[in-house]
Every structure is written in C-alpha cells, then in structure tokens.
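Biologist: Could you walk me through reading strands and their neighbours in a model like this?

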Amino acid sequence: MLGFLTARQAGVDDPLRLRRAESTRRVLSLTLNPDRDVDRIHGNGINTIDIETIEGRYMLSGGADGVIVVYDLENFSGKPQFTCKAVCTVGRSSRYAHKFSVETVQWYPYDTGMFVSSSFDKTMKVWDTETLKPAEVFEFESNVYCHHLSPIARRHSLIAVGTKNPKIQLCDLKSGSRIHVLQGHRAEVLSVQWSPRHEHILATASADSKVKLWDVRRASSCLLTLDQHNGETCRASSEAVNTAHNGRVNGLCFTGDGLFLLTTGTDDRMRLWNSASGENTLVNYGKIYNESRKRLQFTVSRGCSPEFVFVPCGSSVAVYGLHTGELITTLRGHYNNVDCCAFQPDYQELYSGGKDCNILAWIPVLRTSDIEEESNGTNKSAAGQSSVNPAFQDAWSSDED
C-alpha cells in the first residue's frame, strides 16, 4: 500500500492503479459481517435484489411471497453495529401488490424515483417510489420470468421481457405499450440482459439451451446464436449444434465493460463468451451446482484487477476469477439455496438472498494499521514492540540508550 501511495504521489503510477489494487484486496477479504444485518421482511424465499447505481444506497428485493422491499444500506449511526432498515414495503396488504411470486426487480438507471418489477401473475409494473403505486402496468399472456432496462440507453426506453412464451417482448416506457417481438427461441425465455457497451444489443437465454444476441434496430434482429463448440463438429450425437449449454440456460451477465458475456445452465456449467464475436473462450470454471428452473441472478465485480464472478451455488456463493476460472473462495452463511446476489462497487460489498428468507451482507475486512499509534509515550513494552511492523522497528539502538 505504501508503495502504491508513493508511486501515485510521485506521478509514476496512474491513480486508478491504487484504486484497483485496494478494490481487489477488499473483494478477496469479503466475509459475513456480524455487525451488519438486513431487516428480515420476506416471509418466503428471496428471488431477486438490485442496488441502484446513482448513490449506491438503496436496495430493492422481491420475494416468492409477492412482496417488494426497499432498503437503505447507508450507516448514519456512527457505530459498527448496523441494521439496514426497510424504508418502504409493498406488502400483501397493498391492493397494488403482485398476486404471485416476484421474479425480477430493477431500479430505473437514471432516477431512484422509479423501479420496475415483474411477476408470475403475468404482469410487469412500473412503480413510483414516492407513492408506491404503479404508474404503468404491462399485462402478458403467460408468466413473466425476467425483464431488463438498458443501463446506458439514451436513444430508447425499451424494457426487454422474457416470459413462458418463446417470443421476447419489447415494451416502451414512453408510450406504455408493447412495440416489438423478437422471435427465435423455442422454449420459455429465462433471462434477458442489455449490453452495457452498446445500447441496442440484447442477450437472451432460454430453456431451449440457446443464447442469442440481438440488434433491436434490425428487421432480422438476431445477430448470433452462441455455440459452445465454436462451430466444431459435436463430439457426441446428443449434443445439438449451436447450443450454449447442454441444459436450460437460466443466467446471463455482461462484464462491466460489456466485452464479455457469462452464462449459466442446468448442465452445472458456466461459460465466458466474447460478446463481439460470440466465441466461447473455453475458460473452465468446473462444476457449478445449478438446478434452478427459473432465473439465476449472479454478478461480476467492477473496478478490480483481475475481475471476479459471484455465483450462487447451492446454499453458498462461489467466487471465481473471471478469466482464469479459479475458485477463489466460497461464501457460506445461508441455510438454504441462494437465488440471487448483487455487488456494490463503491464499497466492494456483496449482498445475497436465498430461500431461507434472509439477505446477507458480505463486507470486506478492514485493513490493519501498519504502524501502531502510541497512546502513551512512556509505555513501550516488549509486547507493544512485537506488534509493530518489522519495517518500522528500532533495530540499531542499544539497550543502554
């Protein structure tokens, strides 16, 4: 750390290098913090969580009980012991609440005054955060598995929606109507994700084992169908051509720069793809337990070097090196399967929700001081000297001095 500070001060290194190094150290030290709790509001499993990117302060959660909760993650108490309180709740008593399980919640990328939720009650609702009333309701013919708003879009306000119907629906926030349909999948669409690099590029994952990339500006929108074999002849006759996985594909996540796309499937595999060429990079993450019949929400770190992937794996969260596939650590604390996790890049914190109705906060361990501060100048015992970093110990003075 001192070397990074000196190099930054001398202008030898870019300040970003110090930030990346400290962010990486903090991610590698993530642990379940006994001083940080999150209010337990949900009476059933937690399917989805989302942290807004404007302040990084408010978190949404949606549960299998149809309840939506907004939490405040900021600690204003001045004490290390802290509980993230529920600011507001759309509970079962609200006449506007979803009737069945909430599958996806997401903040509007540019304003915390609005968020969007979708549910198995065949609706997607656009909420006013102040009044907790839906400003718009989109109704569909079948269960809604997922939706996603582009984090960078300036030229459109489209919400991509995946339902039990193989057709992907594009809903326009401005007009309040469904304006386009993307056809190509042959089974329910379990996950959709807009690219954080190109605002018109959309990735979709389906139970038909396929992942497709679309350009919504084109008439024939499908750009690529990802192939796990990169076009080579299949080694086994049971493996179909142009499939991303050998099972249902239930998870999608772009890296922060949008250059790579991660996918997870019920074949217990996670794959990393080049989002420009559609090439499978063949990074081996090993076996990742995944039997979810719905969307699996996983996430990628931002601002680290190298980057890390956080993937729900049974009742734990597995942390992998993005480009190496190495299992870095396993975060254990839930009592039942984990369904979702979200990364807070400003403080390098991770939040995870599971079927045990709990949201757990994984917090970096604070760096210990290199130099012991002397509270009493006369108190220089041997025990005190032993705790000082050897680089700062007096090794040249004699005992007589």
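Modeller: Start with a bridge pair: in this predicted model, Leu30 has Pro364 of β29 as its bridge partner. That pair belongs to the contact between β1 (residues 30-32) and β29, which run antiparallel and are joined by three bridges.

Biologist: Which strand pairs with β29 over four bridges?

Modeller: That's β28 (residues 349-354), again in the antiparallel sense. Gly353 sits opposite Ile359 there. The two strands form a hairpin with four residues between them, and Cys357 takes a positive phi near 70° in it.

Biologist: How should I read the side chains along a strand?

Modeller: In a regular strand they alternate between the two faces of the sheet. In β29, Ile359, Ala361 and Ile363 point one way, while Leu360, Trp362 and Pro364 point the other way.

Biologist: How many of the six residues of β29 are buried?

Modeller: Six of six, so to speak a mostly covered strand, with buried meaning under 20% relative accessible area.

Biologist: And how do I read a core?

Modeller: In soluble globular proteins, nonpolar side chains tend to be buried together. Here the largest nonpolar core has 17 residues, and Ile359 and Ile49 are among those touching the most other members. β29 (359-364) and β3 (46-51) are among the strands that each supply at least two residues of this core. Ile49 touches residues including Met59, Tyr351, Gly353 and Ile359.

Notes:
Residues are numbered from 1 along each chain as its sequence is written. This is a predicted model: local features need pLDDT of at least 70, side-chain atom pairs count only at pLDDT 80 or more; totals for chains, interfaces and linings use all residues. Side-chain values use heavy atoms; hydrogens and water are left out. A nonpolar core is a set of buried Ala, Val, Leu, Ile, Met, Phe, Trp, Tyr and Cys residues joined through side-chain atoms within 4.5 Å. Buried means under 20% relative accessible area, exposed over 50%, partly exposed in between (1.4 Å probe, protein chains only). Contact means heavy atoms within 4.5 Å. Two strands pair if DSSP finds at least two bridges between them. Lists of a residue's contacts leave out its neighbours within four places in sequence.
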